[in-house]
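Okay, hi everyone, thanks for coming.

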Amino acid sequence: MSLPVIPVWWPFLVAASPVILPLLYRRNLQFSQDRESAQKCNRARIEQAGELNLPELEKLSLSAVVEQKAASGFVGSPAVCYLLESDLGTLLFDVGYGPEDDAMAVNSKKMGLADRVLDGVAISHLHPDHMGGFAAAKKYGRLCSMQLGK
């Protein structure tokens, strides 16, 4: 078990070891530079962003394939996966944990999505609970029971 280094201890640690102060200073300086760089990059991206000209949709439905809370008969998981269907196509938003977590396979089968062909997959961010399902795609050549492309 590790103990947190609370600020009250810092003077004692600095006095005990002349290495700690320069190390903490460098780490803080690097953190500040990285944070400033990230903020500058984000500002530039926001300034470059333009209006999205998205088409109007006649229908749009959103179904939760995997979520923490699940209805009776479905498998809950701390991962997420949503199916969006519109008149323009079918999109899977995030793909859950993957083959080590059977929530997506069980729930997609129960929802009647077996052998469903998807038009696309969107990943919100690169955390295992959102994109781990790609391990299943690599291993089995498909995202559980659904396959990509027409």
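Before anything else, one term: when I say two residues are in contact, I mean they have heavy atoms within 4.5 Å. Keep in mind, too, that this is a predicted model.

With that term in hand, here's the overall picture. Take the contacts in the protein chain with a separation of 6 or more: residues 24 or more positions apart account for 63% of them. As for the elements, you can find 5 helices and 6 strands in the protein chain. Reading from the N terminus, the order goes α-α-β-β-β-α-β-β-α-α-β. The protein chain has 150 residues, and 22% of them are buried. Its accessible surface is about 11100 Å², with 59% of that belonging to carbon and sulfur atoms.

Which residues make a nonpolar surface patch of about 480 Å²? They're Val5, Ile6, Val8, Trp9 and Trp10. Find Trp9 for me, in the segment before α1, which covers 10-16. Trp9 counts as partly exposed because its relative accessible area is 36%, and that category sits between the 20% and 50% cut-offs.

Next stop, strand β2, residues 81-86, where you'll find Glu85. Is Glu85 buried or exposed? Buried, because its relative accessible area is 18%, and the cut-off is under 20%. Setting aside residues up to four places away in sequence, Glu85 touches Lys59, Leu60, Ser61, Thr90 and Arg116.

Asp94 sits in the loop that runs between β3 (89-93) and α3 (103-110). Its relative accessible area is 1%, so Asp94 is buried. What about a salt bridge? Asp94 has none, and the nearest side chain of opposite charge, Arg45, is 16 Å away. What does lie 2.7 Å from a polar atom of the Asp94 side chain? That's the backbone nitrogen of Ser124. Ser124 is also one of the residues in contact with Asp94 once you leave out neighbours within four places in sequence; the others are Val80, Cys81, Tyr82, Ala122, Ile123, His125 and His130.

There's one more thing about this residue, and it concerns the backbone. Most residues other than glycine have a negative phi. Asp94 isn't a glycine, yet its phi is positive, at about 70°.

With a relative accessible area of 63%, Lys109 is exposed, because the cut-off for that is over 50%.

Which residues is Lys110 in contact with, leaving aside neighbours within four places in sequence? Gly73 and Phe74. Lys110 and Phe74 are 36 residues apart along the chain, and their C-alpha atoms are separated by 7.5 Å.

Note on methods:
Residues numbered from 1 in each chain as written. Predicted model: local features only at pLDDT ≥ 70, side-chain atom pairs only at ≥ 80, totals over all residues. Heavy atoms only, no water. Helix = DSSP H or I, 4+ residues; strand = E, 2+ residues; numbered from the N terminus. Buried < 20%, exposed > 50% of the residue type's maximum accessible area, 1.4 Å probe, protein only. Areas by Shrake-Rupley, 256 points an atom, 1.4 Å probe, with all protein chains shown as cover. Lys, Arg positive; Asp, Glu negative; His and termini not counted. Salt bridge = Lys/Arg side-chain N within 4 Å of Asp/Glu carboxyl O. Polar contact = N/O pair within 3.5 Å; in protein donor to acceptor, adjacent residues only side chain to side chain. Patch = residues over 30% accessible without salt bridge, like charges linked within 9 Å, V, L, I, M, F, W, Y side chains within 5 Å.
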